[in-house]
Amino acid sequence: MTTSPASPLWRGLAPLLLASTSPTRRGLLAAAGLAPETRSPGVDERAVEAAAEGLSPENLAERLAAAKAAAVAGRAPDRVVIGADQVLDLDGTVLHKPADRAAAASHLARLQGRTHALHSAVALALDGAVAEVFVVTARLTMRPLDAAGIAAYLDAAGPAVTGSVGAYQLEGVGIHLFDRIEGDHSTILGLPLLPLLARLRGRGLLAF
């Protein structure tokens, strides 16, 4: 393999392909020097979830990540493809992205004063098929909030609250919601970089 001209760190024959249009995931890979290309997987996440009834939230995250990687790898079998997904787990209940401010307030009312888990899964596809899948979990404890506190946060955060499963972005004003955070920052953002880089390195896909 040779170094990609788009990235001196990447040793794939073509740039790394991310099966996602998430600017956050793309930004994490770009900041790590991997200059990924992106492609929408076109996966119906709720259909995958319905078919995976009975799976644990961790396994659901893996199933979703694998479905995304497989969808893109099937269309680009000569590329190294990464699929990723994140599941919010509140004592075994999966929460999805809120549709609007009212739904975000409802999410926060359930999360406040409690610890929830973020399961971030990654699937790596090679030669048109998923080669491996892994999941890393972060745990976040939200401080107690009353209705006025939730409303104040929603006012400060604005429309961005509908962009994540927990109705918060830790890199923004969402950091004010928490008492304790256990987990790597990239895991919380939805793409656990350290184990991903280790796997790419182990396959000879990184320069060092």
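Biologist: In which sense do strand 1 and strand 3 pair, and over how many bridges?

Modeller: They pair in the parallel sense over two bridges, and Leu 17 has Val 81 as its bridge partner in strand 3. Strands are DSSP runs of E of at least two residues, helices are runs of H or I of at least four, both numbered from the N terminus, and two strands pair if DSSP finds at least two bridges between them. This is a predicted model, in which local features need pLDDT of at least 70 and side-chain atom pairs count only at pLDDT 80 or more, while totals for chains, interfaces and linings use all residues. Residues are numbered from 1 along each chain as its sequence is written, and side-chain values use heavy atoms, with hydrogens and water left out.

Biologist: How many bridges join strand 3 to strand 5?

Modeller: Nine, and the two strands run antiparallel. Asp 89 stands opposite Ala 117 of strand 5.

Biologist: Why is strand 3 largely enclosed?

Modeller: 10 of its 10 residues are buried, so the rest of the structure largely encloses strand 3. Buried means under 20% relative accessible area, with a 1.4 Å probe and protein chains only.

Biologist: Turning to the core, which residues touch the most other members?

Modeller: In the largest nonpolar core, of 23 residues, they include Leu 88, Leu 140 and Tyr 168. Such a core is a set of buried Ala, Val, Leu, Ile, Met, Phe, Trp, Tyr and Cys residues joined through side-chain atoms within 4.5 Å.

Biologist: Which element gives the largest share?

Modeller: Helix 5, with four residues.

Definitions and conventions:
Buried < 20%, exposed > 50% of the residue type's maximum accessible area, 1.4 Å probe, protein only.
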